[in-house]
Amino acid sequence: MPWTGRPERRRTASHRRTVPYPREEGELRRFGPGVTGSVRRHAPGGTAAAAAVAAAVWREPSRTERLRRALRRWAPAASAAAIALALLLWQRYGGPVAVDSVSARPASAVLGCGGTADIVGVVDTNGRPGTLVYRWVRSDGTSSGRLRQKLARGQEEARLRLLWSFHGRGDYRADAELQVVSPSKHRSTARFDYRCR
């Protein structure tokens with residue numbers, strides 16, 4: 001049978017040609033995402049072209065970028081520390097004066113003829129600066145009116161005095177009430193006896 005068509009090409013190993021990639025002496029060629037800075041710095045005999053490629057891929061961050069990165073890294077911890085410090089300062093130095101307790105006592109439970117009762121009121125506070133507004137109300141119907149006492153920072157106690165003088169003969173059960181009006185309302189009563197026969 002006669003042969004028709006093109007003759008069959010035989011592929012042999014001699015027909016496969018591998019073209020070598022051109023390479024200059026001392027040149028380093030890499031394939032992939034690019035040449036990193038470490039390769040650029042450590043490559044022996046790198047050419048200017050390789051250095052240009054490496055410079056385009058990797059560059060030293062500027063001072064502003066380094067500062068921004070540091071701020072992003074330390075911002076949460078710094079914020080938490082600032083909040084804790086603000087709370088401590090508020091507890092120590094912030095806020096208005098507050099009254100914790102009030103008590104009033106006479107220097108003596110019994111007062112003799114022509115004597116003067118010395119009554120001391122003690123107001124315990126939170127130690128913050130401010131002004132106490134108070135008054136003394138006596139059982140004979142008289143009142144001192146509103147009085148003011150300034151408190152310095154760290155002063156946790158205010159001592160308020162009332163002097164009440166008596167004359168004449170007789171027995172009298174006396175009450176003196178300390179009323180704190182501001183910053184909050186508190187009261188305490190001191191009782192004593194006047195005896196003169």
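Me: Let's start with a cut-off: a residue is buried under 20% relative accessible area, exposed over 50%, and partly exposed in between (1.4 Å probe, protein chains only). On that scale, what is the relative accessible area of cysteine 113?

Reply: Quick caveat: this is a predicted model, where local features need pLDDT of at least 70 and side-chain atom pairs count only at pLDDT 80 or more, while totals for chains, interfaces and linings use all residues. Residues are numbered from 1 along each chain as its sequence is written, and side-chain values use heavy atoms, with hydrogens and water left out. Cysteine 113 counts as partly exposed because its relative accessible area is 46%.

Me: Which residue is joined to cysteine 113 by a disulfide?

Reply: A disulfide here is a pair of cysteine sulfur atoms within 2.5 Å, and searching the whole structure turns up one. Its sulfur atoms sit 1.8 Å apart, and the link is right-handed, with 105° about the S-S bond. It ties together distant parts of the chain, 83 residues apart, going from the loop between strand S2 (110-111) and strand S3 (116-125) to strand S8 (residues 186-196). The partner is cysteine 196.

Me: What is the strand order in the open sheet of five strands?

Reply: Two strands pair if DSSP finds at least two bridges between them. S2 and S8 run parallel, joined by two bridges, with leucine 111 partnered by tyrosine 194 in S8. Strand S4 (residues 130-138) and strand S7 (residues 170-182) pair antiparallel over six bridges, and there valine 133 stands opposite serine 182. The pairing is mixed, and the order is S2-S8-S7-S4-S5, with the edge strands, which each pair on one side only, being S2 and strand S5 (147-151).

Me: How many bridges join S7 to S8?

Reply: These two form a hairpin with three residues between them. One of the bridges has glutamate 177 partnered by threonine 189 in S8. S7 and S8 run antiparallel, and the bridge count is eleven.

Me: Which backbone nitrogen lies 3.0 Å from a polar atom of the side chain of serine 188?

Reply: Serine 188 belongs to strand S8 and counts as buried because its relative accessibility is 14%. Contact means heavy atoms within 4.5 Å; leaving aside neighbours within four places in sequence, serine 188 touches Val102, Ser103, Ala104, Ala176, Glu177 and Leu178. The nitrogen at 3.0 Å is that of alanine 104.

Methods. Helix = DSSP H or I, 4+ residues; strand = E, 2+ residues; numbered from the N terminus. Polar contact = N/O pair within 3.5 Å; in protein donor to acceptor, adjacent residues only side chain to side chain.
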